[in-house]
Amino acid sequence: MIRFTMGLNMLLLLAMVATNILSLYHLSSNLQSKPPAPAAVPDHLLHQLRTIRATINHLTRLQSTTTETTSSAKKSRPTIPSDLLIYTHISPIASSCKDYPELLYQYMNYTPFSLCPSDALLAESLILRGCHPLPRRRCFSRTTSTNPSSLPTSPFGTIPENTVIWSQYSNCKSFTCLARFNSEMGFDMKVEKSRFLEYKSDLDLPISQLLQVSKSAKSVIRLALDIGGGTGTFAAQMRLQNVTVITTTMNLGAPYNEAVALRGLVPLHVPLQQRLPVFDGVVDLVRCGHAVNRWIPVTAMEFLFFDVDRVLRGGGYFWLDHFFSKKVDLEKVFMPLIGKLVYKKVKWAVANKTDSSGLKNGEVYLTALLQKPVSR
């Protein structure tokens, strides 16, 4: 817009100079003529003068219209929330947030020191788009009107339902409903109680076998990270083995983080593209479940895998649990990618993905347990 305005002004200046030159030419012609009567202005000069004047009038109107359009565009821009302006002076904003200004402005458009808006879905949408961590806000979080008098002592007990704000979820308004809706979502504790314990195929790695492998290698597992861990069932089973597991999970249409917390476990509300919020070399095991699959861009997955390497201690384990991709991609893309870590293959099992999507796309499952070198 600035370049256009400068060019417009230059055209106006040239037009004015041309008009003056033509006028001087006509005046000098009159002075040199002997007859006192003024000579008639040649038709071609009159035509040029009229053309220049018309051009000046047109450019003037165009400049006026452009200025009005620019002013109107500026007026139509949403106003930056005051608390967002304040926050930018005390803490940086994630770079991806700038790509979604309307969502960010909507999230930060609230009344300070009052009740926070009911916008959990908006926050989730921003986080999934890479706008994470979200800016802090100066408002009071919403809570339920009732609290349970007691919580289950077992991570596989019935999850209390009156501690969740169900209004922000559209499909179900209780854990019972979610369990009936789809038992694979992780909310049916009767189903979850047997997960990670049974060996049904080569793709399975029961916890007893995992712990036996680490014991044989004289590599103790006491602290683990479960990436995309859903409702935290792996963490629950490992807790019974005196192993602490931190679960990263998102609330994709259901209260996954609330479920993890109500089971007495630790949820981390972070997306897959977020740097793991754990210090270097302090974790004994990192597990990646179904959330890590072929839908993640290869470059993003490469950064994820090397972030896993960062947090794992020497001799620690990286468990890819039922990772799925097209068979040809596993051989040509993901196996070389995994190979870049130069980890020892403790377990490597591949089998066909037999559901409708797997049969249609020629997909396979991979379960791999890899051990990081003790020293480098």
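Buried means under 20% relative accessible area. Keep that cut-off in mind as you look through these close-ups of a predicted model.

**View 1. Asp284 sits inside strand β4.**
With a relative accessible area of 3%, Asp284 falls under the 20% limit and therefore counts as buried. The strand that holds Asp284 covers residues 283-288. Which residues touch Asp284, once its neighbours within four places in sequence are left aside? One group of contacts is Val220, Ile221, Arg222 and Leu223, and the other is Leu312, Arg313, Gly316 and Tyr317.

**View 2. The whole chain gives the setting for the close-ups.**
Take a step back for a moment: the chain has 13 helices and 7 strands. Of its 376 residues, 41% count as buried. Now look at the contacts between residues with a separation of 6 or more: 69% of them join residues 24 or more positions apart.

**View 3. Helix α5 has a run of buried residues.**
Helix α5 spans residues 120-128. Find Leu122, Ala123, Glu124, Ser125, Leu126 and Ile127, which are buried in this helix. Part of their cover comes from helix α4, residues 101-108. After α5 comes Gly130, with a positive phi near 95°.

**View 4. The second largest pocket is lined in part by helix α5.**
Rolling a probe the size of a water molecule over the atoms shows where empty space is left. The second largest pocket holds about 810 Å³ of space. Its lining has 27 residues, and the closest to the pocket centre are Ala120, Ala123, Ser141, Gln168 and His269. Which helix gives the most to this lining? Helix α5 does, with 5 residues. Helix α10 (256-262) also supplies at least two. Sorted by class, the lining of this pocket has 13 nonpolar, 8 polar and 6 charged residues.

**View 5. Two loops show backbone angles to look out for.**
Most residues other than glycine have a negative phi, and most peptide bonds are trans. In the loop between α4 and α5 you will find Phe113. Phe113 is not a glycine, yet its phi is positive, about 65°. Is Phe113 buried or exposed? Its relative accessibility is 59%, so Phe113 counts as exposed. Next, move to the loop between α5 and α6 (175-181), where Pro133 lies. Here the peptide bond from His132 to Pro133 is cis, and its omega is near 0°.

**View 6. His322 has a positive phi within strand β5.**
What is the phi of His322, a residue other than glycine? The value is near 55°. His322 belongs to strand β5. Its relative accessible area is 17%, so His322 is buried.

**View 7. Helix α12 bends at Val333.**
Follow helix α12 through residues 327-339 and you will come to a kink of about 35° at Val333. Which residues of α12 are buried? They are Leu330, Phe334, Leu337 and Ile338. Their cover includes helix α11 (298-311) and the strands β5 (312-326), β6 (344-352) and β7 (363-371).

Definitions and conventions
Residues numbered from 1 in each chain as written. Predicted model: local features only at pLDDT ≥ 70, side-chain atom pairs only at ≥ 80, totals over all residues. Heavy atoms only, no water. Buried < 20%, exposed > 50% of the residue type's maximum accessible area, 1.4 Å probe, protein only. Helix = DSSP H or I, 4+ residues; strand = E, 2+ residues; numbered from the N terminus. Contact = heavy atoms within 4.5 Å. Bend = angle between axes of the 7 residues up to and from the residue. 1 Å grid on protein atoms, 1.4 Å probe; cavity = no way out; pocket = protein on both sides within 12 Å on 5 of 7 lines; lining within 4 Å. Points joined across faces, edges and corners; volume = space filled by probe spheres on them. Nonpolar A, V, L, I, M, F, W, Y, C, P; charged D, E, K, R; others polar.
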